[in-house]
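Please look over the chain below.

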Amino acid sequence: MGSRGHSTEEELETKEMDIRSLSSSRHHSQTEPYVHKVSVPPKQNLFKEFTATVKETFFSDDPLRSFKDQSRTRKLVLGVQAIFPILEWGRTYNLSKFRGDLIAGLTIASLCIPQDIGYAKLANLLPQYGLYSSFVPPLIYACMGSSRDIAIGPVAVVSLLLGTLLQNEIDSATHPAEYLRLAFTATFFAGITQATLGILRLGFLIDFLSHAAIVGFMGGAAITIALQQLKGFLGIQKFTKKSDIISVMKSVVDSAHHGWNWQTIVIGVIFLSFLLAAKFIGKKNRKYFWVPAIAPLISVILSTFFVYITRADKKGVAIVKHLEKGINPSSVHQIFFTGEYLAKGFKIGVVAGMIALTEASAIGRTFASMKDYQLDGNKEMVALGVMNVVGSMTSCYVTTGSFSRSAVNYMAGCQTAVSNIVMSGVVFLTLEFITPLFKYTPNVILAVIIINAVLGLIDFQAAILIWKIDKFDFVACMGAFFGVIFLSVEIGLLIAVSISFAKILLQVTRPRTAILGKIPRTTVYRNILQYPEATKVPGILIVRVDSAIYFSNSNYIKERILRWLNDEEERTKADYRPAIHSLIVEMSPVTDIDTSGIHALDELYRSLQKRDIQLVLANPGPVVIDKLHASKFATLIGEHRIFLTVADAVAACPLKVVEDA
């Protein structure tokens with residue numbers, strides 16, 4: 001009882017101090033200190049306001065800045081350089097830079113050749129189409145792209161996605177010609193989608209796929225790709241065409257007694273161990289970055305030589321057999337521009353193009369920040385789009401930036417996009433002279449190379465960090481991950497996009513609000529949950545709205561504020577504290593308000609009037625205060641009830657009830 005009495009005395013003493021402090025400030029206010037009113041911004045011309053909004057939305061980077069005060073000839077030169085950046089940086093290119101690009105280009109070429117053959121199989125295409133896709137597209141990108149480090153070519157996730165979506169429309173085994181045509185059609189529309197987004201400056205649309213969803217999608221796709229390689233790794237002849245983990249594992253188990261080939265498994269285990277050891281050496285010491293880069297090509301050479309001298313292909317080891325010699329043939333006439341497959345190609349192309357764009361954008365930004373240079377996202381989209389459109393006409397399928405190759409390119413010391421030209425040159429020589437040597441390359445080595453490559457897409461550290469930072473983001477991550485693994489790649493992607501949109505909608509429709517209290521010995525008011533020492537002002541409830549107020553959340557904000565008020569009134573009655581006579585809404589975080597928002601404030605004001613509580617606003621921004629005056633709401637509540645700071649608002653609130661307490 002003694003301790004409780006002591007506690008009650010302390011609470012009363014604290015309350016009295018708050019009241020005395022407030023009374024003191026009232027007494028000081030009687031000397032009429034200067035209080036700065038909230039300014040209304042000057043009226044803007046409607047056309048200028050609209051122009052400024054459009055410019056900030058679509059041209060926030062001010063792309064025409066370099067054209068100002070230039071002659072016509074100079075503007076023409078700058079325009080051409082904007083489309084083909086190689087003409088700008090090419091003027092300062094020298095032998096020193098070429099040395100770095102040559103080493104980097106040769107290094108990524110040794111990595112891309114075996115990967116391309118394997119990735120083509122993921123897309124259910126013949127091996128040469130993977131090599132075709134690392135010949136023409138890198139040349140186009142080198143001329144039009146603005147990233148110095150990104151390495152262009154087929155990638156595992158896009159290859160799997162494209163193969164799955166195409167297979168849903170046409171069976172590659174029974175109708176290979178139509179399947180190939182649909183692949184070129186999808187690639188064409190993927191390029192059109194990417195270029196259109198860049199030209200219309202709609203690149204911000206790819207940001208709707210959150211980082212967490214991408215991490216989950218990539219991780220799930222990596223496991224799906226690795227599981228599908230069990231067909232080649234175990235030497236299974238009959239294998240499911242479904243991609244979900246249950247179907248794949250059932251197919252593996254069903255073929256265990258008669259479908260596995262032990263010679264294939266031995267080759268796979270040996271070379272997978274070799275590739276993992278090479279990767280470990282490269283991670284352990286960055287000086288040896290070239291070891292994991294050339295390990296796949298060494299594996300192809302050694303395994304091909306081993307199969308050739310032992311004739312292991314006669315004992316059930318599946319081999320590549322035929323790989324078409326020569327550079328890319330034209331495929332313009334194979335694209336579906338009419339017929340039933342046009343719409344299907346468009347749909348697949350849009351999906352594949354967006355995923356490819358997301359991956360390339362993330363890679364480009366990563367390395368640009370590491371080297372401290374600016375990357376024009378819209379130019380990148382145009383470059384990638386043109387690259388895929390031209391690629392679709394030269395027997396290529398969807399290509400984008402490869403993270404593994406770009407990382408090797410960066411560590412090998414690339415200076416410019418010339419490293420892509422060097423890589424393309426090596427692929428050209430391979431297509432012209434070396435492809436017959438791949439005849440005895442075992443399929444298991446391609447499976448091993450893909451497994452080794454996709455393991456890096458599973459980012460455990462990123463998933464753990466997402467869990468620590470944001471649980472809803474983690475749900476998005478896991479939703480995409482399990483959707484890809486247990487259902488399919490396209491459903492996993494749909495889940496990723498859906499959860500990303502759901503998070504945006506949740507944040508927009510259910511914004512945060514907070515009760516503010518006064519930090520002791522200051523005039524600063526902060527969230528009482530963040531600052532437990534902050535004290536509430538007797539008779540006054542201070543609420544902060546942490547979002548713009550739109551039609552989608554205005555009713556919720558109004559109801560949430562009234563719930564805060566009801567809760568506070570119940571507590572004041574229970575504790576015999578002064579009744580609430582003023583509600584202050586802190587509006588610093590409110591960046592904008594629409595007619596629904598003003599209508600909600602009007603309803604809040606009328607509801608408070610009935611309860612004999614006055615509404616006070618603190619620090620509305622320029623857009624908000626302008627709309628409050630335009631709607632006459634400022635006049636309705638009284639301009640003397642709108643203050644620059646919460647402290648000013650508190651000082652101006654009636655003290656009658658507080659002093660009576």
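Predicted model: local features only at pLDDT ≥ 70, side-chain atom pairs only at ≥ 80, totals over all residues.

Which residues does Ile 214 touch, not counting residues up to four places away in sequence? Ile 214 touches Leu 209 and Thr 358; contact means heavy atoms within 4.5 Å. Ile 214 is found in helix H10 (residues 211-228). Helices (H or I, at least four residues) and strands (E, at least two) are DSSP runs, numbered from the N terminus.

Residues are numbered from 1 along each chain as its sequence is written, and side-chain values use heavy atoms, with hydrogens and water left out.

**Helix packing**

Two packed helices are described by the angle between their axes and the distance between the axes. Axes are lines fitted to C-alpha atoms, for helices over the stretch in contact, and angles run from 0 to 180 degrees between N-to-C directions.

| Helix pair | Angle | Axis distance |
|---|---|---|
| H9 (residues 176-199) and H16 (residues 377-392) | about 160° | 7 Å |
| H5 (residues 95-122) and H19 (residues 443-454) | roughly 95° | within 9 Å |

The angle makes H9 roughly antiparallel to H16 (over 145 degrees). H9 passes H16 in a left-handed crossing, where the near helix is turned anticlockwise from the far one by less than a right angle. H9 contributes residues including Phe 184, Phe 188 and Ile 192 to the contact, and H16 residues including Met 381, Val 382 and Val 389. The contact of H9 with H16 has eleven nonpolar, eight polar and no charged residues. Ala, Val, Leu, Ile, Met, Phe, Trp, Tyr, Cys and Pro count as nonpolar, Asp, Glu, Lys and Arg as charged, and the others, Gly among them, as polar.

H5 and H19 are roughly perpendicular to each other (65 to 115 degrees). Among the contact residues are Pro 114, Tyr 119 and Lys 121 of H5 and Leu 446, Ile 449 and Ala 453 of H19. By class, this contact has eight nonpolar, three polar and one charged residues.

**Whole chain**

The protein chain has 28 helices and eight strands. Its C-alpha atoms fill a box of roughly 100 × 75 × 55 Å along the principal axes. Of its 661 residues, 49% count as buried (under 20% relative accessible area, 1.4 Å probe, protein chains only). Among contacts between residues at least 6 apart in sequence, 81% join residues at least 24 apart.

Notes:
Parallel < 35°, antiparallel > 145°, perpendicular 65-115°, else oblique. Buried < 20%, exposed > 50% of the residue type's maximum accessible area, 1.4 Å probe, protein only.
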